[in-house]
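This briefing covers selected features of one structure. Please view the sequence and the model together before reading on.

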Amino acid sequence: MSDVASHLENDRFLRALLKQPVDTTPVWIMRQAGRYLPEYKATRKQAGSFMDLCRNADLASEVTLQPLERFDLDAAILFSDILTVPDAMGLGLYFSEGEGPVFERPVRNMAAIKALGVPDPEGELQYVMNAVRTIRSDLNGRVPLIGFTGSPWTLATYMVEGRSTKDFGKVKGLMYEDPAAMHLLLDKLADSVTLYLNAQIAAGAQTVMIFDTWGGTLTPQTYRDFSLNYMQKIVDGLVRENDGRKVPVILFTKGGAQWLETMADTGCDGLGLDWTINIAEARDRVGDRVALQGNMDPCVLYAEPEAIRANVKRIIEDFGLPTGHVFNLGHGIHQYINPDNVKVLVDAVHEFGSALRA
Ligand code: 1CP
């Protein structure tokens, strides 16, 4: 048996992140629990609202496990959201139909930022830790559980804008106008998120992933100072071993392909890739310092099975090495995808992954 996760029935996801030998390429899918699954929509309806679903540990566990019942996935991801942390800081999160997340009380100046506290993960955020504990127990060692957070920059975009944005005018405006205020906000978020991830690890998360969904909207210099700098602070503060096993850390900056080398320098274990870079080029640039996760265009899943299989095969062969690759999409699965196509993808990853090692 392996030195990692010995009680896991399937630990190839953890092993690939640590670049240990694996029998085939592991796969999971960003947003694998979600609106493309009819059973998810039914449970969400039963819960009432999206946040009610996140706050109910049994229902959150149920939706976490739903995709594992359909597909041969190698990891589960906590069902929750990145916006739980700003909500716990008092911004008042709600999800409006068709509009996405909205904050009742956005923060737009130094005074509002100074007033923010750092939430206690076993206090205001205890419902997330309860979900982690319930999911670990329900998984019963089947596959590892991924915990997650948003990056400080990505959380700040929602906290300053108050909702999703296309131009990032308010948050970037504040960054250029009052950089000290932005640094204070990001620093409080880095502290909050470090505590939050360490609490998820203590509760049973076996890998953690930092989603920097909006880092790619920054310039090279502002990316370094306002996004990467705070992800570095988090990586430095994380508990990297629990229960006798390493807890790998994955960083994912969507649109961040030009910064892979500096991301690898943070000391993380894996980098998530979107679809804008060839995975062979990414591998050549980061060498064997980190594992790579990705990177199929989510829109390939609108195509016929043969096209899906061809795209999976090309990515696995482009990566080309026997370990260090976790297959995923380059961003979350769309809600209009036919679940049958996800099965085609997952089975193709395992088939072409074992062929690569034959
Ligand atoms: O209506 C619904 O049912 C809500 C849709 C939904 C879902 C299924 C939201 C609202 N969040 C989630 C779950 C979620 N969010 C997970 C669960 C685990 C899984 O992957 O299966 C995760 C990891 C997230 C993370 C998340 N939330 C990110 C980072 C990853 C990414 O996709 O870039 C971001 C940016 C959010 C904010 C958010 N929450 C929900 C929506 C629709 C959004 C995006 C809004 C926007 O585009 O700005």
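In β3, Phe-103 is the bridge partner of Leu-93. The model is predicted: local features need pLDDT of at least 70, side-chain atom pairs count only at pLDDT 80 or more, and totals for chains, interfaces and linings use all residues. Residues are numbered from 1 along each chain as its sequence is written, and side-chain values use heavy atoms, with hydrogens and water left out.

**Strands and hairpin**
- Strand β2 (residues 93–96) pairs with strand β3 (residues 100–103) in the antiparallel sense over 4 bridges; pairing requires at least two DSSP bridges.
- Between β2 and β3, which form a hairpin, lie 3 residues, and Gly-98 in the turn has a positive phi of about 80°.

**Helix α10**
- Helix α10 (residues 179–203) has 25 residues and reaches 35 Å from its first C-alpha to its last, close to the 36 Å expected at 1.5 Å a residue.
- The expected span is 1.5 Å times one less than the number of residues, and helices (H or I, at least four residues) and strands (E, at least two) are DSSP runs, numbered from the N terminus.

**Largest pocket**
- The largest pocket has a volume of about 1500 Å³.
- Of its 42 lining residues, Arg-31, Arg-35, Asp-81, Phe-95 and Pro-101 are the closest to its centre.
- A pocket is an open set of points on a 1 Å grid where a 1.4 Å probe fits, with protein on both sides within 12 Å along at least five of seven lines; lining residues have an atom within 4 Å of a point.
- The largest share of the lining, 4 residues, comes from α2.

Conventions. Points joined across faces, edges and corners; volume = space filled by probe spheres on them.
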